[in-house]
Each structure stands twice: as structure tokens, then as C-alpha cells.
Amino acid sequence: MAGQGKNNLVSLNGILGLISSFPLITYILEFFKDLVINMMKTAPVPKHIALIMDGNRRYAKSKKLALSEGHSAGADSLIQVLNTCYKLGVAHVTIYAFSIENFNRSQEEVETLFGLLRNRLSLLADNEDSYARINKIKVRIVGNKSLIPEDILHDLEAIEAKTNNLESYRVLNVCFPYTSRDDIAHSVRTISYKVANNIIRSSDVTLETLNENMYMGADTPPLDILVRTSGHTRLSDFMLWQANDKCVIEFVDVLWPDFKFLNIVSVILKWSYYKTLEMEEAYHTTSRKKEKKVPSPEIYANLPPPPPLASVTQS
Ligand SMILES: CC(C)=CCC/C(C)=C/CC/C(C)=C/COP(=O)(O)OP(=O)(O)O
């Protein structure tokens, strides 16, 4: 049944894709998408969503495309998903764009991925009317920058500089090249350095200190939803530290390039539904506690007698 539901959603996405090739229909579809988004805004909205965009190569194989086209289709999907998230009011989106493990892929694929990332991010941020700048989205490269070739790093840092101004209030964290364990090791190394140089005391090191010294920075809200596409049910060394406590992990059995508006909307709707139930439960628990605090009649019975009545008209 779950597989059938998945196929229905993929074919619905396909139909939407096909009919959206007509301009008037695109306009009507966008109108309905905005309507859905505006309705969803009346319920709780997650602050931070992370995405493991898995399945680009399988998508390319299934469509008999070149591998690079699979990644390119993945980048197209990402733009749609980002647009939905930011329109809805999600402040931070974090994407696993390149794992340190991905360096084990062929030189050709690594270069394709680096080039794609540089080109797509440039498109997102280069000009004043580019998507990230119009929509006030800060692009941040999060990860072990020492592993990025100099020319690519130079371009990525230029993109960061163009979007990182005070007006930006949405954030796109591009994890590149990244693994969680490398992030945790980086945080521990930074803290050890600070302790050794008397910048902080070891007794003051808390979970928050570890958090603050991670690549992502202290101003990142707790992770609400982590999505992995393609049906694989593992985290592949991503967000191991951040996916804690209240974070919901969603494994969606759809290849990333097929992950579109309806898929991200259903993930967020589910989160929002359970969040509403949780808030309602918390509300009832607090009101029950308040009700319990009402003093019992016996307490009134034991109160001292009231003072004698005095009137201003009768001296
Ligand atoms: C603008 C911008 C930041 C673009 C990002 C482009 C993008 C979608 C990158 C993801 C790359 C990646 C390693 C995907 C995993 O699928 P896979 O290659 O492991 O596929 P498979 O699971 O089918 O082998």
C-alpha cells in the first residue's frame, strides 16, 4: 500500500509537470500552490529542515540519462523544494550537497558535482535579481572548506559574501564537503584550542558549547525535520548531532529528482499535524495543573475570620 501511495504521488507530480508546460496552467497551478502554502501557514511551521537528496544516479539510470543529468535534475528539484519551504516560512534549510565520502567517487563525477554546485549557486546568487538575493536568503557553505579546490572555494565564498548581509533572514546551509563526525571532531578541536588558550574553562564546556562550535554556527535553530529520499533508511553521517530530541526523521521512498511540491508539502503537513496535537496536549496538561492549584474548600474553612465591616457613611 505504501508503495502504491508513493507511485500515486510520483504520477501526480508527473501530471502536474506535464500540464504546467502551458503558461496559463502554470499560472493556475502556482495560484493553487500558494493557496495551499497560505493555508498551511495557519498551523505550526518548522523552523529548520534538512535534506539528504538521495537517488540522482538511480534516477538517471532509470531514465537512461547521463549521470550528470541525474544530478542536474536533482538540482532542479531542489529549487522547487526550497521555494516551497521559504514561502511557507521555514527559516533554515540545510542540504547534504557533498559528503566527504563522495570523494571516493570517480574523478569525473566529483568534478561534475563541484561544477554543478558552483554553477547552480551562482545562478541563485550572482545578480541582484537572482533568487537568493530577491528572497533574502543567506547562502552558507558548511563543512570542511580545506577540502575544496581553491578556485571553487573562491567562487563559493564570493556567493556567501553576496548573500550574507543584515537584511537576509532566511538561510540555506550547503553542507559541502561534510560529514557529521568530521563536524563533531572540528567542534571538539576548536573547544580544546580555546581551553588551552584560556579563552574558556573546561568546566564551562556544555552541550551548547559543542553546538556553538560546529560548522553551522550558533544561530541555527534546532532541527525539526530531516528528510532522506530514495528509500534508504540510514543517515549516512549527516546531522547525527542535530537530529536529536524533537527532530522527526522522514525516509521517503522517492528518488530525489522526483521529490517535488506535493512530497515536501506532505512531509511538512504530517509534522504540523503532530506538532498541533503535541501543543494541544501540552495546553491541556498545563490547564490540568492549574486546575489542581485551586485551593480546596477546607482551606477556606480554616481561614481566620474577616475583619469587622466598616462603612464610610456610618462613623
Ligand atoms: C544548487 C545545488 C546546491 C545543487 C545540489 C545538487 C545536488 C542535488 C547534489 C546532490 C548530490 C548527491 C551526492 C546526491 C546523492 O545521490 P546519489 O548520487 O548518491 O544517487 P544514488 O543514490 O542513486 O546513487
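**Overall layout**

Visitor: How many helices and strands are there in the protein?
Guide: The protein has eleven helices and six strands. Helices (H or I, at least four residues) and strands (E, at least two) are DSSP runs, numbered from the N terminus.
Visitor: Is it a compact globule or more spread out?
Guide: It is more spread out than a compact globule, because its radius of gyration is 26 Å, well over the 20 Å that the globule rule gives for 315 residues. That radius is taken over C-alpha atoms, and the rule is 2.2 Å times the number of residues to the power 0.38. Along its principal axes, the C-alpha trace spans about 100 × 60 × 40 Å.
Visitor: What should I know about the model itself?
Guide: This is a predicted model: local features need pLDDT of at least 70, side-chain atom pairs count only at pLDDT 80 or more, and totals for chains, interfaces and linings use all residues. Residues are numbered from 1 along each chain as its sequence is written, and side-chain values use heavy atoms, with hydrogens and water left out.
Visitor: On to the ligand. Which residues come nearest?
Guide: Met53, Asp54, Arg57, Arg58 and Arg105, of the 18 residues around the ligand. A residue is near a molecule if one of its heavy atoms lies within 4 Å of it.
Visitor: What are the classes in that shell?
Guide: Eight residues are nonpolar, five polar and five charged. Here Ala, Val, Leu, Ile, Met, Phe, Trp, Tyr, Cys and Pro count as nonpolar, Asp, Glu, Lys and Arg as charged, and the others, Gly among them, as polar.
Visitor: Which helices supply at least two residues each?
Guide: α3 (56-62), α4 (67-88) and α5 (107-125).
Visitor: How far is Asp54 from the ligand?
Guide: A polar side-chain atom of Asp54 lies 2.7 Å from a ligand oxygen atom. For Arg105, a polar side-chain atom also lies 2.7 Å from an oxygen atom of the ligand.
Visitor: Changing topic, where is Pro177?
Guide: Pro177 is in the loop between β4 (170-175) and α8 (180-196). The peptide bond from Phe176 to Pro177 is cis, with omega near -25°.
Visitor: And what about Ser236?
Guide: Ser236 is not a glycine, yet has a positive phi of about 45°. Ser236 lies in the loop between β5 (225-228) and β6 (248-251).

Methods:
A polar contact is a pair of N or O atoms within 3.5 Å; within protein, one must be able to donate a hydrogen and the other to accept it, and residues adjacent in sequence count only if both atoms are side-chain atoms.
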